[in-house]
Amino acid sequence: MFRCDNLEKRYNSSPVFSNFSFIFPEIGFVLLHGESGCGKTTLLNILAGLIPFDKGFVIFQGEKYEDQVNMSVTSKYIGYITQDVHFIDYLTVLDNLKLCSINDDIIIEHLRDFGLLELKDSFPSTLSGGERQRLAILQALLAEKEIIILDEPTSALDGDNKRLVFETLEKLKDKKLIICSSHDKEAKAYADRIIDFNNLSNTDSDTELTEIIFGKKEMRKRKLSPFFNKWYSFKGREKKSKVHFLLVIILAVIALCLCDTPTHKFNSNIEYTYKLNQFRVQVSKETEPLLDEIINEAVEAPLIYNRSVPYEVPEDINDPNFVDPNYDIDVHTLPFKKEAFKLSSRIKYGTYFTQEDQIILSWENAVKIGSPERLVGKTMRLNLYDQDYNLEIAGIFDQLTKNEQQYLRSSGITYDEYDGNYFLNGEFTKRYIKDKDFYDNSGNRTYVLYFDSFSSMKKAYDHYSKTHTDFQFTYAEVSSISVLFAALFAILLPIVLVIIPVSVLFYYQTQKIETAYSKHIFSVYQYLGYPYKIIKRCHITGNLLETLKIIVKALMVAFPIMIITNLINSHFVFIPFQIFTFNAYLILALILLVGILSVILSFRTIKHVEDKGWYSVLIEHRDLL
């Protein structure tokens with residue numbers, strides 16, 4: 001099994017032992033006896049391949065090692081039970097054993113044999129010292145290890161528990177090689193061979209020099225991730241830092257949606273707050289025929305009377321703003337089709353246009369004339385460009401909010417909150433299209449193109465404003481909010497970009513003890529035979545998924561808060577624009593940033609285990625506790 005020839009181990013030039021030779025038997029109970037500090041644990045660590053030695057050699061599985069035994073080889077055959085037994089504390093006794101065997105029937109059978117069946121659903125932290133030692137021995141047995149190494153298994157146990165542990169080992173010694181270090185005199189009664197570390201020079205072995213080589217060991221393990229991921233739902237986990245992190249992400253999401261990119265925030269307000277579905281086009285006599293292509297895509301494209309009507313400035317008047325008062329020019333134009341106009345439902349009295357010889361009055365104008373509800377159906381005389389008209393009053397608008405007034409302004413309507421407005425319709429103004437003299441004093445006409453949706457309007461605007469450079473396009477005249485959005489973005493985005501990394505780092509910083517505990521968990525998994533790369537993958541993936549869950553929870557809290565705030569603001573109009581806008585690209589960038597930071601910090605945590613090895617980390621954990 002093991003053959004040691006003239007082994008020597010030194011620490012700081014002082015020998016722990018020297019010229020140690022021994023051939024361990026294939027089976028049986030070999031006891032390393034002596035007081036603490038005499039080198040028993042050192043020899044066990046050498047045999048397990050955890051530390052190097054200075055002189056001599058060890059033969060194991062037909063290989064001769066002159067510096068350090070290969071731990072990747074010994075771990076397949078040796079179950080090493082350290083002085084402080086280690087388990088996955090967030091898993092039950094049964095789950096801890098499932099990590100060692102894929103045979104559930106054998107697990108239950110051994111639990112019964114070891115007197116632990118009633119404790120299978122308990123957590124290891126609730127077991128007594130003797131029960132934990134027996135559980136550790138059972139793990140090594142279920143892992144089908146040929147050698148069980150125990151380092152001071154009874155050092156912290158009372159007399160009864162010591163006896164139970166040694167009796168358990170005695171039952172196994174006919175099938176396994178048990179190498180146990182202990183300073184308890186009681187242990188000698190159970191041992192087949194005793195190596196006295198108080199007198200190593202007289203150590204001898206009567207084992208024949210036959211080389212025992214085990215067959216190739218195939219380790220079959222259960223999939224680790226289901227067990228690993230139970231850590232994230234374990235009730236014993238520290239929750240405070242998780243709550244803090246959740247709150248920070250909520251604030252970060254809200255801040256992102258508040259600042260947003262100026263372009264996206266502007267367009268979002270144009271679409272959802274002002275509900276624009278139109279843009280203006282100014283054409284000349286020469287370019288007007290080219291307008292048909294665009295008009296065909298629109299729901300309606302009325303000629304705007306007040307922006308196209310000709311007017312003359314007398315020669316003796318030098319004021320360019322002077323307008324010939326011979327006919328009304330302050331009469332505005334709306335589309336005739338109800339479906340083209342977003343505010344058609346805001347008629348308080350009467351109806352929207354049903355005939356071309358109709359007008360609609362603003363609320364303010366109607367109040368100036370008389371009782372609004374009594375004006376519907378009556379006629380009003382307007383002195384227009386070509387003649388006087390008696391037009392029927394089809395309806396009266398309700399009082400419009402600031403956002404609704406902005407919708408009108410984007411159609412080129414100068415909404416007067418005091419004097420009000422008269423509104424013609426697009427069917428009526430068609431009569432002026434064929435009039436070769438109906439152009440403003442610059443020789444231009446203005447049309448407003450209404451579309452069935454914001455997206456179709458924006459698509460048409462983006463396309464034709466590039467291809468028809470002879471036209472003058474005007475879209476969403478709300479420059480004041482553009483400046484405000486740019487300022488919000490410039491101020492808040494850098495703050496968010498600082499908050500996110502700091503919050504992630506703070507989250508992991510507040511988990512220092514939990515991180516140290518995680519390192520212990522990684523080491524126990526490695527100790528139980530799971531490859532480092534699998535443990536690393538489970539840890540990084542698990543942490544990433546946990547972080548993404550926190551982000552999803554943050555979004556589930558932040559989004560309703562922002563949506564409700566927007567709805568309240570749209571109703572009462574405390575602020576004349578949509579406060580929070582939802583930019584999918586920024587949200588995805590936030591998720592990506594937090595995810596990358598999570599992976600980096602997770603990798604740094606588990607890298608420590610790879611660099612130091614499971615045994616060193618377990619010792620660190622013991623010292624920490």
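Helix 19 covers residues 532-572, 41 residues in all, and spans 59 Å from its first C-alpha to its last, close to the 60 Å expected at 1.5 Å a residue. The expected span is 1.5 Å times one less than the number of residues. Helices here are DSSP runs of H or I with at least four residues, strands are runs of E with at least two, and both are numbered from the N terminus. Just after helix 19, Val573 has a positive phi of about 50 degrees.

This is a predicted model, in which local features need pLDDT of at least 70 and side-chain atom pairs count only at pLDDT 80 or more, while totals for chains, interfaces and linings use all residues. Residues are numbered from 1 along each chain as its sequence is written, and side-chain values use heavy atoms, with hydrogens and water left out.

Two packed helices are described by the angle between their axes and the distance between the axes. Helix 8 (residues 240-259) packs against helix 19 at about 50 degrees, with the axes 8 Å apart. Axes are lines fitted to C-alpha atoms, for helices over the stretch in contact, and angles run from 0 to 180 degrees between N-to-C directions. Helix 8 is therefore oblique to helix 19; angles under 35 degrees count as roughly parallel, over 145 as roughly antiparallel, 65 to 115 as roughly perpendicular and the rest as oblique. The crossing of helix 8 and helix 19 is right-handed, the near helix being turned clockwise from the far one by less than a right angle. Residues in the contact (heavy atoms within 4.5 Å) include Phe245, Ile249 and Val253 of helix 8 and Ile550, Ala554 and Phe559 of helix 19. By class, this contact has 15 nonpolar, 1 polar and 3 charged residues. Ala, Val, Leu, Ile, Met, Phe, Trp, Tyr, Cys and Pro count as nonpolar, Asp, Glu, Lys and Arg as charged, and the others, Gly among them, as polar.

Two strands pair if DSSP finds at least two bridges between them. Strand 1 (residues 2-11) is joined to strand 4 (residues 55-60) by 5 bridges, with Phe2 partnered by Phe60 and Glu8 by Lys55. Strand 1 is also joined to strand 2, by 6 bridges, and here Leu7 stands opposite Phe20. Strand 1 and strand 2 form a hairpin with 2 residues between them, and Asn12 in the turn has a positive phi of about 55 degrees.

Another open sheet has 3 strands in the order 17-10-18, again with antiparallel pairing. Strand 17 (444-450) and strand 18 (472-474) each have a single partner strand, so one side of each lacks a neighbour in the sheet. Strand 10 (residues 278-284) and strand 18 share 3 bridges, and Val281 has Phe473 as its partner. Helix 16 (residues 454-467) lies across strand 10 and strand 18, at about 30 degrees to strand 10.

Strand 16 (residues 422-425) pairs in the parallel sense with strand 11 (residues 332-334) over 3 bridges, and in the antiparallel sense with strand 13 (residues 358-361) over 2 bridges. In strand 16, Phe423 stands opposite His332 and is also the bridge partner of Ile360.
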